[in-house]
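Thank you all for making time for this.

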Amino acid sequence: QVQLVESGGGLVQAGGSLRLSCEASGRTFSSYDMDMGWFRQAPGKERAFVAVIKWSTHITYIADSVKGRFTISRDSAKNTVYLQMNNLKAEDTAVYYCAARESRRNQYDYWGQGTQVTVSS
């Protein structure tokens, strides 16, 4: 089992920055090939992929909608993944979720509780 706890959301003006954190516990990531991702869900919309990082290789994938503004990174010593969000726009307003899966699986099996990001224009 993996437990994920997000933090770092809040209210920010358009053009500003926020860094979200997701701390994982319950499983030694070094023992598994894991992916950790960020998703978001805006009001009235489906949950959408934002970014993912492969724990063992640091390879990252970023959604086109946020490419050039968002970056994903991880700190293995802290078992934490980060989402750095710059030049935020009103359309980035959403609940952001951290998720984890074994790399061999298609679906994400573990989810955090979500953190609200609100961008005022």
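Predicted model: local features only at pLDDT ≥ 70, side-chain atom pairs only at ≥ 80, totals over all residues.

Residues are numbered from 1 along each chain as its sequence is written, and side-chain values use heavy atoms, with hydrogens and water left out.

Let me begin with the disulfide, which here means a pair of cysteine sulfur atoms within 2.5 Å. By that rule the count is one disulfide, and it is formed by Cys 22 and Cys 98, whose sulfur atoms are 2.0 Å apart. Cys 22 lies in strand 3 (residues 18–25) and Cys 98 in strand 9 (residues 94–102), so the pair ties together parts that are 76 residues apart in sequence. When I speak of strands, I mean DSSP runs of E with at least two residues, numbered from the N terminus. The torsion about the S-S bond of Cys 22 and Cys 98 is about -80°, so this disulfide is left-handed. Are the two cysteines, Cys 22 and Cys 98, buried or exposed? Cys 22 is buried at a relative accessible area of 0%, and Cys 98 is likewise buried at 0%, where buried means under 20% relative accessible area, exposed means over 50%, and partly exposed is in between, with a 1.4 Å probe and protein chains only.

That brings me to the core. A nonpolar core is taken here as a set of buried Ala, Val, Leu, Ile, Met, Phe, Trp, Tyr and Cys residues joined through side-chain atoms within 4.5 Å. As general background, nonpolar side chains tend to be buried together in soluble globular proteins. In this model the largest such core has 31 residues, and the members that touch the most others are Leu 4, Met 36, Trp 38, Leu 83, Met 85 and Tyr 96. Two or more residues of this core come from each of strand 3, strand 4 (34–41), strand 5 (48–54), strand 7 (70–75), strand 8, strand 9 and strand 11 (115–120).

Next, the charged pairs. How many salt bridges does the structure hold? There are seven salt bridges, a salt bridge being a side-chain nitrogen of Lys or Arg within 4 Å of a carboxyl oxygen of Asp or Glu. Asp 92 meets Arg 40 in one of them, at 2.9 Å from N to O, and this pair links distant parts of the chain, with Asp 92 in the loop between strand 8 and strand 9 and Arg 40 in strand 4, 52 residues apart. Asp 92 is buried at 0% relative accessible area, Arg 40 is buried at 13%, and Arg 69 is buried at 10%.

Arg 105 and Asp 109 form another salt bridge, with their closest N and O atoms 2.5 Å apart; Arg 105 is partly exposed at 30% relative accessibility, and Asp 109 is partly exposed at 30% as well.

Now to the loops and their backbone angles. Most residues other than glycine have a negative phi, and most peptide bonds are trans. Against that background, His 58, in the loop between strand 5 and strand 6, has a positive phi of about 70° although it is not a glycine, and His 58 is partly exposed at 45% relative accessibility. Asn 87 is also not a glycine and has a positive phi of about 50°; Asn 87 lies in the loop between strand 8 and strand 9 and is partly exposed at 43%.

Lys 89 is placed in the loop between strand 8 (80–85) and strand 9, and at 34% relative accessibility Lys 89 counts as partly exposed. Leaving out residues up to four places away in sequence, Lys 89 touches Arg 69 and Val 119, contact meaning heavy atoms within 4.5 Å.

I will end with Tyr 61, which lies in strand 6 (residues 60–62) and is partly exposed at 46% relative accessible area.

Definitions and conventions:
Helix = DSSP H or I, 4+ residues; strand = E, 2+ residues; numbered from the N terminus.
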